[in-house]
Amino acid sequence: MRGKFITLEGGEGCGKSTQLKLLADYLQNKGIEIVQTKEPGSTPEGKILRELLVTGDKDKFDAISECLLYYADRRCNLTKVVWPALEQGKWVISDRYADSTEAYQYYGYDKRVPLETLQNLYQIVAGDFKPDLTIILDIEPETGMRRSFAKAATMAVKELRFESRQLEFHHNLRRGFLEIAEREPERCVVLNADADIETIHQKIVEIVEQRLEI
Ligand SMILES: Nc1ncnc2c1ncn2[C@@H]1O[C@H](COP(=O)(O)OP(=O)(O)O)[C@@H](O)[C@H]1O
Ligand SMILES: [Mg+2]
């Protein structure tokens, strides 16, 4: 039987990477084989794209070039990681996926890439394939950024290209994720991410168990 595809979405520092690991461990303990992935950068080629995308000057790309790099990375993630794993009956959890592209390239950047363009590109790259469940971790940008900067201070490579943007950008992003969730309530669940790590984890487990019937 084909596995399930779960995506975790939300702005910088909302807790995606933290919660992905906890959820993966939880499901694995239940006997489900899990593949963890992320965008950008889940494949060797994607890692090169990731470095281009998450470091350096915030204005180094025009909007379309930047967006095409994300879709190239997504296609690598799907063809080499996500689809083969699902075929083998494994479950895949992705740290960011297509909603991040809409939130960043459309809502965050003030509609510089039309939503229709993003959706057409998605169709080329992924066809009708969609996540079975998307969890959007919602947080005040100020709180998320504080967490992100504290984390970056402990890391050798500073992935702060987006954190260097104005708070307004991050508020637009947040609004974008919430609009996406309103548009697709059967796929998306919004969770308040301003709680302690364990509380959020428990809520995620509840949602996964309800929605994916495990
Ligand atoms: N619920 C939480 N409360 C406080 N700190 C958190 C919480 N979730 C994550 N963190 C911390 O905030 C930082 C960013 O979390 P992370 O999971 O890397 O976020 P993201 O992947 O969404 O950018 C990390 O240092 C992490 O330990
Ligand atoms: Mg992360």
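Predicted model: local features only at pLDDT ≥ 70, side-chain atom pairs only at ≥ 80, totals over all residues.
Let me begin with a definition: a residue is called buried if 20 or more other C-beta atoms lie within 10 Å of its own, exposed if 12 or fewer do, and partly exposed in between, with the C-beta atoms placed from the backbone. Residues are numbered from 1 along each chain as its sequence is written, and chains are lettered from A and ligands numbered from 1 in the order in which they are written.

With that definition in hand, please look at helix 2, residues 44-54, whose buried residues are G46, R50 and L53. Seen down the axis of the helix, these buried residues of helix 2 fall within an arc of 70°, so they line one face of it; the arc is that of the directions from the helix axis to the C-beta atoms. They pack against helix 3, residues 63-87. Helices here are DSSP runs of H or I with at least four residues, and strands are runs of E with at least two, numbered from the N terminus.

Why does S42 count as buried? Because S42 has 24 C-beta neighbours inside 10 Å. Leaving aside neighbours within four places in sequence, S42 is in contact with T37, N77 and V81, where contact means that two C-beta atoms, placed from the backbone, lie within 7 Å.

Now let us turn to the sheet, which is open and is formed by 5 strands in the order 2-3-1-4-5, with parallel pairing; two strands pair if DSSP finds at least two bridges between them. Strand 2 (34-38) and strand 5 (188-192) stand at the edges with a single partner strand each, so one side of each is left without a neighbour in the sheet. Strand 1, residues 5-9, is joined by 4 bridges to strand 4, residues 133-138, and L8 has I135 as its bridge partner in strand 4.

Finally, we come to ligand 1, which is surrounded by 14 residues, the closest being G15, K16, S17, T18 and R147; a residue belongs here if its C-beta atom, placed from the backbone, lies within 6 Å of the molecule. Helix 1 (16-29), helix 6 (141-152) and helix 8 (197-212) are the elements that give two or more residues to this shell.
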